[in-house]
Amino acid sequence: MGLVKYVIRRLLYMIPLILGISIVVFLVMYAAGDPIQIATAGNPSITEAQRQFLRQYYGLDDPLHVQYFRWLDHFLHLDFGMSLYGGKPVNEIIATYFWETLKLQLVSILLAFAISIPIGVYSAVKQRSIFDYLFSGISIAGISFPVFFLGIVFILVFSFQLGLLPSSGAHGAPKLWPVFGIEHPLLDELVHLAMPATVLTLASLAYNTRLLRAGMLEVMRQDYIMAARASGIPEKKILFKYALKNAIMPLITLLGLSIGFAIGGAPATETVFSWPGLGRAYVTAAQRLDFPLIMGITMIITIMILVANLITDISYASIDPRVSIE
Amino acid sequence: MSMNLLEIENLKTYFFTEAGVVKALDGVTFNVEKGCTIGLVGESGSGKSVTAQSVLRIVPRPGRIVGGKILFNGEDILAKKESEMRSYRGKKISLIFQDPTSSLNPVFTIGNQLSDIVMQHNRVKKDEAAEAVVKALKLVKLPDPEEALTRYPHQFSGGMKQRICIARALLLNPDLLFADEPTTNLDVTIQAQIIALLVDLQKNIGLTLVMITHDMGIVTQMCKCVVVLYAGKVMEIGSIEKIFEMPHPYTEALLKAVPRLDQTRKLISIPGNIPNLIEPPSGCRFHPRCQYAVERCKEEVPPLQDVGGGHMISCHRWRELNGG
Amino acid sequence: MVNSEQPNGKNENATRRSASQWAVAWRRFKKHKSGLFGLGMIVILVFIAVFHSFIAPYPPGSLDPLYEGEAGQPPSWKHPFGTTIGGSDVYSELIHGSVWTLYVAIIATVIAMLITMVVGISSGYLGGYIDDILMRITEVFLVFPSLLLILVFSRIYQLMNPEPFWKFLGISIPVNLTTIVLIVALFAWAGNARVIRGEVMALKEKEFIQAAKSLGASSRWIMLRHILPNVLPQTIVIATLTMASAVLIEAVVSFLGFGDINTNTWGRMMEESFQYMSTTWWAEVFPGLAVFLTVLAFNLVGDGISDALNPRLRE
């Protein structure tokens, strides 16, 4: 009961935030000038009358507040309007790219989470060992290495040098990518996923292990750890039961945040790998200033972030009894 | 056959920090008689807690026991394998911490953390372990012990938490219990209750209790015998009477710092601070703060000597000061 | 660790940092090998940026290698990092680009830190409705998908066709790059302001602040004279990390084609070489390594400082 109330309250609380963000984005775009002028600048054969027709067609000649409320009305009906390019509805475009982005992001976020736990715990336990120095070094290098550059290096090595993996796309088209001579849609998909997913995993792995190591070092100094030791609990159990549950909190927060942001894709990484995801779609939309598409993607991302935050807070409360969601 | 449950001889525990080697215990020697309550007394940083940690062999990094002997029931603890030592912890020797809030794991229920200990040492099923926990919680007079199993530490008050901690230490009927300032972080009224509980338990279950404290008031209430530590060295060992009658200069200073209702004398704090244990003072470690110190105290380390009736003193001037 | 008997009361006198405490921190930092290494790299970077026109063999934007018939050449003695397809010397362009890297790092960080400190300190110290309002605004900035908005902003600005440079005291300031830097700064303060706010709220309860208050010091005086110096160490750590992320974000923005076409930043060099990287990998890899090493240097220094200020974590 408390949970339902809490979720409702949090959802209500999101409304002003979402409205605020939509207004800011709307204003920014309005300040940008006439999108039709921008969109048609490269077309010498277009006439001013045709431009005017387009403006009317997209409702761009109405006053700002009228435009905003019309957008809001559509938004409440989950309709983001038509893209200025190609004449497709924004919803359709988002739906096309959504799953590709989600697939890539979920795989790498969950992999990074799982791998970081043993590494983070082990580095903290063996503080100042060669292992710890090695992994601390790798992880600070990891957070400093631009993710898209990592992708570039991977492509140079594994695609151009070794010819092992495809350098772009999520699917082999028109022909499937053969794995050990076998052509199968699933293998083809995995092979395309391999590099971008590895790159994104490595990038978040660096953050995760640093966070978990610091958390473990802090927790291992606490009295309750010494108390468990003084009660004869074996070290392995102390680490993976008593300490880990306390130290994993910041990682849970990060996990929630990254799932929220995941839907924005990694614009640069997706661009490097020509991954047909929302991140790359957004880059293209920003290049062309395709406002309906920009608005649509921004709102989807914002809502995903807010929902992910909410889920994070709830799971937090279920792990840490001191946090109450009342 | 000795009557001593615990014998500590020339124990040295050092912390190897970046700043240098901290000699937290530098040759500590004392015995604990079976069934007796002794007080381990000293200011913060004198090595009281480290003594308890050393006996359990749970000195945190970068600390290490570098020398000496610890005999428990006549067996050499320092020679034992880690796995064997683990079966002693919580079962034969237990420890109660100063701060009950930080010594209970905040994210597990009381039942979960305490049954874990029972199941670690005895091959029993979950519900049997839970029964043992309830029994221990009853022993420390925690209200609603069954319900407490499913609750988390933050749902209890400080005094209740300390009762739970005491129950945790007594789960498996240990022979020896270290209580490391168990009342320092509690309200005065709660303090009295916890002390009364400990005194009760000690009498009823024949526990051997080492009461670690800086409070001479608690010592006089609870203990027959006192060990006074200063800067990692034993200054004095003796019965309560002896220690009040003819104390070591440091003990004397400690006693003067205790407020008492029945006396109107001024409270006197000990001047100066506890010394840096990386480069401890030469000679007697207390000499820079001792009002009786002479040249000899600076140069020679005074040995711990029996001055009669089991009263041990480490002081060059004690005899002449006490008319000897 | 030794003084575990009395965890409270020990840190009380450590809250006001005196000159000697800075000296202690510096002594600790000097022992921190990776931090010193990072500092060394930054010093070298600054040196290169200051003397870029003397160090680089070719002037910025020079196409001399093209006219010498040496376009798209792999690394050699003459061109240590090779030449681009377009015929410029990668080594020289990297050296000239260091100026923009530092420009981005410094300007973005100064602005982001100003907002961070003003919001964090006033929110934490004044509390009440000011805190409420500021924290709501901070939340909006926290959930904003900032990189995406930065791209839109930059693109809009590119299309406005502004003058390429402003003259300020005889120095040419690239307008478009500066806009990007400002937008980056605008989205780089929110999380940090929360950290500072938390620190300030803890400090507020300390005795010396209460004492100053009871002696009738004004809020502004307390914030400037007592709070600010005490959150300074934390601030320095945050600032170093902000520099790292500003360099990183500018590289991403430029790489995606939203950079300032009048400045050859490392990110822009990577963008231009990206489509040719199967043939001229050096034109892609060396700018990438430059970004990596710079970000690494700032991160190492940030780590070093925070370790030096919190020796607890290192024992």
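Domain bounds, as used in the first exercise, come from an automatic or database domain assignment. The structure treated here is a predicted model.

**Exercise 1. The two domains of chain A**

Task: State which domains chain A is divided into, how far apart their C-alpha centres lie, and which elements of domain 1 of chain A give two or more residues to the side that touches domain 2 of chain A.

Solution:

Step 1. Begin with the bounds: chain A is divided into domain 1, which covers 2-76, and domain 2, which covers 99-319.

Step 2. Turn to the distance, and find that the C-alpha centres of domain 1 of chain A and domain 2 of chain A lie 33 Å apart. The contact between these two domains takes 15 residues from domain 1 of chain A and 10 residues from domain 2 of chain A.

Step 3. On the side of domain 1 of chain A that touches domain 2 of chain A, two or more residues are given by each of helix 1 (2-31), helix 2 (35-40) and helix 4 (64-76) of chain A. Helix 1 of chain A gives the most to this side, with nine residues.

Step 4. Sorted by class, that side of domain 1 of chain A has 13 nonpolar, one polar and one charged residues.

**Exercise 2. An enclosed helix**

Task: Explain why helix 9 (residues 223-230) of chain A is described as largely enclosed by the rest of the structure, and say what covers its buried residues.

Solution:

Step 1. A residue is buried if 20 or more other C-beta atoms lie within 10 Å of its own. By this test the buried residues of helix 9 of chain A are A:D223, A:Y224, A:I225, A:M226, A:A227, A:A228, A:R229 and A:A230.

Step 2. Because eight of the eight residues of helix 9 of chain A are buried, this helix is largely enclosed by the rest of the structure.

Step 3. The cover over these buried residues includes helix 8 (185-220) and helix 10 (235-247) of chain A, and also helix 1 (48-56), strand 6 and helix 3 of chain B.

Step 4. Follow the chain just past helix 9 of chain A, where A:G232 takes a positive phi of about 85 degrees.

**Exercise 3. The fold of chain B**

Task: Describe the overall size of chain B, and then give the order of the strands in its open sheet.

Solution:

Step 1. Chain B has 13 helices and 12 strands, and its C-alpha atoms fill a box of roughly 65 × 50 × 45 Å along the principal axes.

Step 2. A compact globule of 324 residues would have a radius of gyration near 20 Å, and chain B has 20 Å, so the two agree. Of the 324 residues of chain B, 48% count as buried.

Step 3. The open sheet has eight strands in the order 6-7-8-3-9-10-12-11 (chain B), and their pairing is mixed. Its edge strands are strand 6 (93-96) and strand 11 (305-306) of chain B, each of which pairs on one side only.

Step 4. Within the sheet, strand 3 (residues 37-41) and strand 8 (residues 208-213) of chain B run parallel and are joined by five bridges. In this pairing B:L40 stands opposite B:I212 in strand 8 of chain B.

Step 5. To judge confidence, note that the mean pLDDT of chain B is 86, with 95% of its residues at 70 or more. Within chain B, confidence is lowest in helix 13 (residues 318-321), at a mean of 82, and highest in helix 4 (residues 110-121), at 93.

**Exercise 4. Where the chains touch**

Task: Work out how the contact of chain B with chain A is made up, and do likewise for the contact of chain A with chain C.

Solution:

Step 1. The contact takes 24 residues from chain B and 18 residues from chain A. On the side of chain B, helix 2 (82-88), helix 3 (100-103) and helix 4 of chain B each give two or more residues, and the largest share, four residues, comes from helix 4 of chain B.

Step 2. By class, the side of chain B that touches chain A has 10 nonpolar, eight polar and six charged residues.

Step 3. In the other contact, 33 residues of chain A touch 33 residues of chain C. Helix 14 of chain A gives the most to the side of chain A that touches chain C, with six residues, and the residues of this side divide into 26 nonpolar, seven polar and no charged.

Notes: Residues numbered from 1 in each chain as written. Chains lettered and ligands numbered in written order. Predicted model: local features only at pLDDT ≥ 70, side-chain atom pairs only at ≥ 80, totals over all residues. pLDDT = per-residue confidence, 0-100. Pairing = 2+ DSSP bridges. Contact = placed C-beta atoms within 7 Å. Nonpolar A, V, L, I, M, F, W, Y, C, P; charged D, E, K, R; others polar. Rg over C-alpha atoms; globule rule 2.2 N^0.38 Å. Buried ≥ 20, exposed ≤ 12 C-beta atoms within 10 Å, placed from the backbone.
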